[in-house]
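Subject: Handover of a structure

Dear colleague,

Please find below the sequence and structure that I am passing on to you. My findings follow directly after them.

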Amino acid sequence: METVNQLQQQYVDFLSSLYSEGLLEKQFQNIQILAEDEPQFVSKLLALYFEDSERRLHNLATALDQTDVDYDKVRDFAVPLYDCNINLGTQRVNNVCVTFRSCYKSKNLEGCLRCMQQLKDEYYLVKSKLQTLLMLEQRIVAAGGSTPIVE
């Protein structure tokens with residue numbers, strides 16, 4: 001049976017790896033600090049992020065799959081996705097959003113389609129990593145500990 005200290009160290013190591021891999025920025029740390037008084041805050045926020053992101057990715061893919069692409073509609077789906085990723089600190093997803101923005105502004109369908117695939121890849125990677133982080137957090141709390149803040 002793992003001790004609280006061991007679980008907390010696993011959490012710190014895993015979160016540190018997400019920062020070093022460029023998957024997360026320190027903005028995520030600010031969210032954790034806000035969550036100190038409400039333990040379920042991060043998990044609720046991430047559940048909303050996952051649901052919203054998947055809906056927006058689906059809508060973007062549908063908009064790009066049209067015979068005559070409406071780039072204003074593409075922008076309308078992309079901007080909130082970009083904003084959400086800035087606020088959450090998902091750096092690599094956000095980097096693709098920046099490239100995607102230049103593609104839809106220039107009405108570059110090939111570039112948009114390439115970015116769309118990159119967006120999906122990066123989003124599902126960060127989703128998987130964040131779900132692992134949440135599971136570690138749940139194990140720490142179940143063992144009677146608190147989630148450490150990684151600086």
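This is a predicted model: local features need pLDDT of at least 70, side-chain atom pairs count only at pLDDT 80 or more; totals for chains, interfaces and linings use all residues.

Overall dimensions and burial

Taken along the principal axes, the C-alpha atoms of the protein chain fill a box of roughly 55 × 25 × 25 Å. The chain has 151 residues, of which buried residues make up 41%. Among its contacts with a separation of 6 or more, 68% are accounted for by residues 24 or more positions apart.

Helices H1 and H2

Two packed helices are described by the angle between their axes and the distance between the axes. For helix H1 (residues 4-20) and helix H2 (residues 27-34), the angle is about 145° and the axes are 11 Å apart. Helix H1 contributes Tyr11, Leu15 and Tyr19 to this contact, while helix H2 contributes Phe28, Gln29 and Gln32. By type, the residues of the contact comprise 4 nonpolar, 2 polar and no charged.

Arg56 in helix H3

Is Arg56 buried or exposed? Arg56, which is found in helix H3 (residues 41-64), has a relative accessible area of 16% and is therefore buried. Leaving aside neighbours within four places in sequence, Arg56 is in contact with Asp76, Phe77, Pro80 and Leu81.

Aromatic residues

The structure holds 4 aromatic pairs. One of them is formed by Phe100 and Tyr104, in an edge-to-face arrangement with 5.7 Å centre to centre and 70° between the planes. Both residues lie in helix H5 (residues 91-105), where they are 4 residues apart, about one turn of the helix. Phe100 and Tyr104 are both buried.

Helix H6 and its ends

Helix H6 (residues 109-142) has 34 residues. From its first C-alpha to its last, helix H6 reaches 48 Å, close to the 50 Å expected at 1.5 Å a residue. At the start of this helix, a side-chain oxygen of Asn108 comes to within 3.3 Å of the backbone nitrogen of Glu110. Just after helix H6, Gly144 takes a positive phi of about 95°.

With kind regards

Definitions and conventions
Residues are numbered from 1 along each chain as its sequence is written. Side-chain values use heavy atoms; hydrogens and water are left out. Axes are lines fitted to C-alpha atoms, for helices over the stretch in contact, and angles run from 0 to 180 degrees between N-to-C directions. Helices (H or I, at least four residues) and strands (E, at least two) are DSSP runs, numbered from the N terminus. Contact means heavy atoms within 4.5 Å. Ala, Val, Leu, Ile, Met, Phe, Trp, Tyr, Cys and Pro count as nonpolar, Asp, Glu, Lys and Arg as charged, and the others, Gly among them, as polar. Buried means under 20% relative accessible area, exposed over 50%, partly exposed in between (1.4 Å probe, protein chains only). The expected span of a helix is 1.5 Å times one less than its number of residues. A polar contact is a pair of N or O atoms within 3.5 Å; within protein, one must be able to donate a hydrogen and the other to accept it, and residues adjacent in sequence count only if both atoms are side-chain atoms. Rings of Phe, Tyr and Trp (its six-membered ring) pair if their centres lie within 6.5 Å; planes under 30 degrees apart count as stacked, over 60 as edge-to-face and the rest as tilted.
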